[in-house]
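Let's look at how some of the labels on this model get handed out. Have the picture open while you read.

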Amino acid sequence: MPVSASHSLYGLDPGIPLHGQRVLIVDDNTFNRRTLTRFLTWAGIRRVDAVTETDEIMAALETVNPDMVVIDCDMAGLDGIALCRRLRDDRRWRDLPVVMQTGLPSDQFRAVCFQAGATDIIGKPVNPGECIARVRYHLERRQLIHELRGFRERVERELMQARDMQLALVPETAHVAAVGERHAMWIDAAFRSSDEIGGDFWSLFELDGERLAVFVADFSGHGITAAINAFRLHTLLLRLAPTDMADPAALLTLLNQRLKEILPVGQFATAFYGIIDRATGLLTYSAAGAPNPILGTGGGFRPLDASGFLLGAFYEAAFENHVVPFSRGESLFLYSDGLSEAQDMFGCMMGEDGLLNLVADAARRNHARPLPCLLDTVASRYGDRLHDDLTAVWITRR
């Protein structure tokens with residue numbers, strides 16, 4: 001499409017439309033103001049205001065709210081450098097493009113202008129091509145920065161909303177405490193995302209008055225994709241019948257088949273599902289490649305086998321049940337690999353052996369509720385912010 005002469009100079013591409021931009025000229029010379037206004041109009045700018053007195057400038061900024069200011073440094077009685085510094089000291093105008101025009105464009109004077117906060121400098125007499133090119137560049141840049149800033153703010157708001165939604169998926173502290181009271185257990189949990197949202201998930205299920213089930217899962221990856229998969233898993237669990245929850249291996253088999261149908265290739269989850277039966281004193285569990293849970297008994301702490309196929313990776317995956325005694329006074333610690341794969345300042349990974357030692361030490365310091373002690377130690381050695389999502393659940397039978 002041909003470019004009209006009124007919107008292009010020398011046949012150059014007009015670029016992003018600037019008709020919504022506002023420019024304030026600070027110049028006491030009528031000829032200069034008219035010339036600049038004409039050039040800015042050629043650049044596609046429809047709103048050009050001008051002031052001639054120093055006292056009018058700050059009021060005009062408030063009224064016009066310009067997208068750029070063009071200041072003549074050679075005005076009588078006006079120190080353009082001081083004005084530029086004043087604008088930069090005001091938080092409202094700190095990012096406003098300020099173009100200085102001067103008839104003495106020496107290298108030293110340019111340096112002083114830039115040091116005062118000038119965005120650009122144009123020499124007098126003003127050339128229309130150079131003036132339009134520089135003005136367009138700074139206005140387009142400002143427009144793009146505003147768009148990017150708005151996009152970032154919107155994404156941050158939506159991520160925080162998604163974070164709140166994800167936190168709503170896991171049991172609240174009060175609910176966990178109430179469940180623990182009903183089943184004569186101390187239950188403590190921590191749930192943190194390395195980013196705003198993540199792919200970890202855990203929950204409790206009261207099957208009846210004697211059986212309490214715990215589910216922990218960790219989807220591959222981080223961020224939005226992993227979080228969406230965590231929402232998918234939560235939805236699948238909500239749709240299951242109570243009878244589906246009674247057999248850990250059967251439950252994982254069912255979830256695997258349904259996740260395989262909806263997860264993109266390369267996305268999967270590790271998972272642990274266990275049922276604590278107080279009547280029999282047994283823990284029956286099944287796992288899908290999860291980090292090995294740690295069982296605490298009178299003989300100390302030892303890892304349980306949590307190997308198995310990953311959830312959502314293979315249609316034909318089969319899972320098996322494991323049964324171990326779980327009596328009064330014994331404990332079960334479940335966690336995601338964000339904990340065992342934590343690295344210290346020297347890049348040394350905690351590992352499952354390191355975690356086993358920390359768990360035993362925390363239990364010595366507080367047998368009933370050792371999780372806060374454990375997390376404090378992890379924070380002191382590996383930092384408060386881990387590189388992966390973290391889920392940790394400690395259950396002790398009373």
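Q: What makes two aromatic rings a pair?
A: Rings of Phe, Tyr and Trp (its six-membered ring) pair if their centres lie within 6.5 Å; planes under 30 degrees apart count as stacked, over 60 as edge-to-face and the rest as tilted. By this rule, there are eight aromatic pairs here. Keep in mind that this is a predicted model, where local features need pLDDT of at least 70, side-chain atom pairs count only at pLDDT 80 or more, and totals for chains, interfaces and linings use all residues. Residues are numbered from 1 along each chain as its sequence is written, and side-chain values use heavy atoms, leaving out hydrogens and water.

Q: Why is the pair of F215 and Y273 called tilted?
A: The ring centres of F215 and Y273 are 5.9 Å apart, so they pair, and their planes sit at 50°, so the pair is tilted. The pair links distant parts of the chain, with F215 in strand β8 (residues 211-219) and Y273 in strand β9 (residues 269-277), 58 residues apart. Strands here are DSSP runs (E, at least two residues), numbered from the N terminus.

Q: Why is the pair of F309 and F314 called edge-to-face?
A: The centres of F309 and F314 are 6.0 Å apart and their planes are at 70°, so this pair is edge-to-face.

Q: How do you know whether F309 is buried, partly exposed or exposed?
A: Buried means under 20% relative accessible area, exposed over 50%, and partly exposed in between (1.4 Å probe, protein chains only). F309 has 41%, so F309 counts as partly exposed.

Technical notes: Helices (H or I, at least four residues) and strands (E, at least two) are DSSP runs, numbered from the N terminus.
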